[in-house]
Amino acid sequence: MHVVLRVLIVVAALISDGISIVNILSGYSYGYDSPAFAMYLAIVDLGLWIIVAYAPDWAWVLLLANLLPFVFMPSGYGAVPVMAMVALAFLAYSARRYALIIAIGVVATWAIAVTAVREDTGLIFLSVVLPLGILAVIPGLGLRYMNAQRQVDRQTIEEFDRRALASLEEQRTELARELHDIVAHDITVIAMQARAGAMSRDADENAETFDVIGDSARSALDDLRRLLRIMRDAGENEDVAESSAGIDLLSELSQIKESLERSGLSVHTTVTGDVDQIPDGVRTTVRRLLREGATNVLKHALVEAPVEIEVAVTAEAVDVNVLNTIMTRGGKRSEPRFARSGFGIMGLRERVQLLGGRISSGAVDGDRWHLSTHIPFRPEDSDSRPS
């Protein structure tokens, strides 16, 4: 039970029963033969609501203490039936199942006993109290279910956020490892070319050597900037991932096309610009994009449907676009062939954003799905910064 609700219950009980106690001490007995009995009811009622607020599993004890005397009284009930109904409503919301069942049993048994023992009470009393008891429990159970569902939703959101954060950290670590390896490769090339240039006496060879050193140094500097932007507390003893320098993206694209065509899809690929211009630090992400795009096509595309894969390279950036027809049934999207996890595109989005790029995906024209990505080659050309 929420702390505010507990406070409200106790404050209301203190005011109501406090006024009753003051009146009883002043000589008013509320129609009962004995002021002591009236005082007993007021004190038990106050204790009942405090227990309802802070220990609802034991509220049935004071509920029984409040109801039991009225079985043997010659006449009159006061506000006791109303009090019992309200107590059941609160207990349905906050008490454990066994305690609620006991409390309902107490009220039902009391109603039956009063009907059987007291001469002034007939079946009409029983026919009214029992349905009212059921109606009183329903709102409490409804609020209880809503609260439980809210807790489940909160836990689901927290778990999703945790998995998303773990995925982001995984992508950061993997990119850091890849860039570490690429920078090491570039520096090795620089060192080898510098040694070769020192040993050579040919002016043309030296000029070519200096060109290689300059290109490698610029590439290493760009990748170092990327690494510094995404790297957090990297462990010194972590294994370095397999080198991405030398990934053949054209061969990768050809293999993906053949794989999709073997699955019965009609694939058209377009490559513009020089793929070799793509920096090694971006090359692994482009390969991931192509593979994840192909995976989504296999999950969602219609058999024999056209699939378009485009890689466009400029001097500043690379764009990767994958377009396919979505499976439809009766004009509506059907379920994919395979279960979706939702973390494939998320992982790509995080990798692309870490590199300062942009990625978007969604339905176009109702029955087609488009995955579009733009990745700049130089860190300073990025439009966004990783969070």
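Reader: At what angle do helix 4 and helix 5 pack, and how far apart are their axes?
Author: This is a predicted model. In it, helix 4 (residues 80-94) packs against helix 5 (residues 97-117) at about 165°, and the axes are 10 Å apart.

Reader: Roughly parallel or roughly antiparallel, then?
Author: Roughly antiparallel, because angles over 145 degrees count as such.

Reader: Which hand is the crossing of helix 4 and helix 5?
Author: Helix 4 passes helix 5 in a left-handed crossing.

Reader: Which residues in helix 4 and helix 5 meet?
Author: From helix 4, Val-80, Pro-81, Ala-84, Met-85, Leu-88, Leu-91 and Ala-92. They meet Leu-100, Ala-103, Ile-104, Val-107 and Trp-110 of helix 5.

Reader: And by class, how many are nonpolar, polar or charged?
Author: The contact of helix 4 with helix 5 has twelve nonpolar residues, with no polar and no charged ones.

Reader: Switching to aromatics. How many pairs are in the whole structure?
Author: A search finds three aromatic pairs. In one of them, Phe-37 and Tyr-40, the ring centres are 6.2 Å apart and the planes are at 20°.

Reader: Why is the pair of Phe-37 and Tyr-40 stacked?
Author: Planes under 30 degrees apart count as stacked, and these are at 20°, so the pair qualifies.

Reader: Where do Phe-37 and Tyr-40 lie?
Author: Both are in helix 2 (residues 35-54), three residues apart, which is about one turn of the helix.

Reader: What cluster do Phe-37 and Tyr-40 form with Phe-70?
Author: Those three residues form one aromatic cluster.

Conventions
Residues are numbered from 1 along each chain as its sequence is written. This is a predicted model: local features need pLDDT of at least 70, side-chain atom pairs count only at pLDDT 80 or more; totals for chains, interfaces and linings use all residues. Side-chain values use heavy atoms; hydrogens and water are left out. Rings of Phe, Tyr and Trp (its six-membered ring) pair if their centres lie within 6.5 Å; planes under 30 degrees apart count as stacked, over 60 as edge-to-face and the rest as tilted. Helices (H or I, at least four residues) and strands (E, at least two) are DSSP runs, numbered from the N terminus. Axes are lines fitted to C-alpha atoms, for helices over the stretch in contact, and angles run from 0 to 180 degrees between N-to-C directions. Angles under 35 degrees count as roughly parallel, over 145 as roughly antiparallel, 65 to 115 as roughly perpendicular and the rest as oblique. A crossing is left-handed if the near helix is turned anticlockwise from the far one by less than a right angle, and right-handed if clockwise. Contact means heavy atoms within 4.5 Å. Ala, Val, Leu, Ile, Met, Phe, Trp, Tyr, Cys and Pro count as nonpolar, Asp, Glu, Lys and Arg as charged, and the others, Gly among them, as polar.
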